[in-house]
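The following exercises concern one protein model.

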Amino acid sequence: MKTPVRDPQSASPPAPAPVLPPGPPTTLHGWRARVRHKPSPPPIPPANEDGTAEDPVDENDPRVRYHAQLGLVETTDIIKGSLTARRLLRHNGERRHPCPHVAIDSDCRGTGKRTLLHHIGLGHQGRREKLYGIDDSRIPVVCINAPPEPGTPADWSAALAVFLGWDLYRPDTQQRPVQRMKDFTGPAVHVMRHSRTEVCLVDGIDRLRPEDLQPTFDYFDYLAEELELTVFWSGIGSSDILREARAARFPALRRPTEATAPIRQRSVPTLWVNRLPPRCKEHPNEWPSTVATLDGRLSLRHHRPGSLLDHEEDLYHMTDGIMENLTPLVGMAGQLAILDRTEAITRDVLHDAARYLDLPSEDGR
């Protein structure tokens with residue numbers, strides 16, 4: 001049987017549609033993509049006799065894009081926080097010791113609070129889909145960001161509506177966008193109830209103005225009661241913010257007398273994510289294990305497994321033990337190693353990557 005030959009005069013087949021990124025995790029499509037897609041390193045292409053790549057490499061090379069997103073890294077605090085969150089969710093699900101509000105806090109910025117926040121949600125939804133199967137009618141987790149100036153709880157309802165994929169605006173007679181309704185709370189609660197939403201992730205609580213804290217707390221307290229939600233709040237000082245909001249809402253109903261003790265402030269469960277300590281006698285494994293995790297994700301032709309640990313002191317000096325610096329630094333070094341064809345993480349490549357990211361390099365300059 002002869003293979004049919006296409007007529008050169010005929011029209012060429014249409015080009016495949018480009019694969020668009022799924023979007024941020026604050027949209028339902030973007031969140032589900034992160035739950036269900038497990039990134040894996042693309043294969044290393046064949047090399048020439050001298051060890052260089054056969055084809056030219058540019059910024060669109062799959063391995064360059066892969067190193068730009070190395071994914072979440074489970075540090076000791078994130079592992080501990082995920083386990084505690086799982087236990088709290090189990091208690092809340094059984095309604096034994098409900099803790100509807102949980103804070104994720106740290107001693108400084110960039111330590112991985114958002115990573116833990118998302119890790120809790122990804123883990124919970126993954127367990128639900130393993131238990132019940134993948135069902136798009138279920139929305140176990142909602143992930144939103146604190147708006148810069150919420151003003152009223154209605155703005156929080158808009159954030160929920162955006163996650164659910166609703167179009168908030170319609171064109172008026174002059175084609176200007178006009179919000180469809182002032183408050184999306186009722187429809188959002190209806191959908192989340194029927195979709196069996198159990199967890200709400202809120203990032204950026206430290207962006208709220210003081211006058212917005214009490215309306216925000218009341219709004220999410222209402223959602224927690226209506227939907228039996230557990231709300232995880234991430235941000236610097238989140239534990240103090242929630243404690244103050246709770247104390248302001250529940251003042252002491254009676255003044256303490258000589259016969260009664262003062263009423264203790266209600267506590268807020270807090271998951272702490274602090275910066276990683278350097279390798280030392282008290283903490284011999286935390287920093288090396290984190291670096292080793294990133295080492296295992298590198299997809300470079302001349303990378304020797306474990307060789308990133310040869311630079312662990314340099315890496316700590318550059319990043320100060322902050323995950324917000326470490327992951328981009330290693331990812332940038334991987335991109336540079338591919339583009340300059342060294343295909344390995346060397347000290348020079350690391351310092352070049354540090355200069356790109358405005359991190360300390362060489363003699364700390």
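A nonpolar core is a set of buried Ala, Val, Leu, Ile, Met, Phe, Trp, Tyr and Cys residues joined through side-chain atoms within 4.5 Å. Buried means under 20% relative accessible area, exposed over 50%, and partly exposed in between (1.4 Å probe, protein chains only). The model is predicted: local features need pLDDT of at least 70, side-chain atom pairs count only at pLDDT 80 or more, and totals for chains, interfaces and linings use all residues. Residues are numbered from 1 along each chain as its sequence is written, and side-chain values use heavy atoms, with hydrogens and water left out.

**Exercise 1.** Describe the largest nonpolar core and the surroundings of F220.

*Solution.* 
Step 1. The largest nonpolar core has 50 residues, and I144, F163, F220 and F232 have the most contacts inside it.
Step 2. With seven residues, helix α7 (residues 210-227) gives the most to this core; helices (H or I, at least four residues) and strands (E, at least two) are DSSP runs, numbered from the N terminus.
Step 3. Contact means heavy atoms within 4.5 Å. Leaving aside neighbours within four places in sequence, F220 is in contact with H101, I144, W156, C200, V202, V231 and W233.
Step 4. Another core, of 29 residues, lies apart from the largest one; L70, L294, L308 and A354 are among its members.

**Exercise 2.** Determine how helices α10 and α12 pack.

*Solution.* 
Step 1. Helix α10 (residues 312-319) and helix α12 (residues 347-356) pack at about 10 degrees, and their axes are 11 Å apart. Axes are lines fitted to C-alpha atoms, for helices over the stretch in contact, and angles run from 0 to 180 degrees between N-to-C directions.
Step 2. Therefore α10 is roughly parallel to α12 (angles under 35 degrees count as roughly parallel, over 145 as roughly antiparallel, 65 to 115 as roughly perpendicular and the rest as oblique).
Step 3. On α10, D314, L315 and M318 make the contact; on α12, R347, L350, H351 and A354 do.
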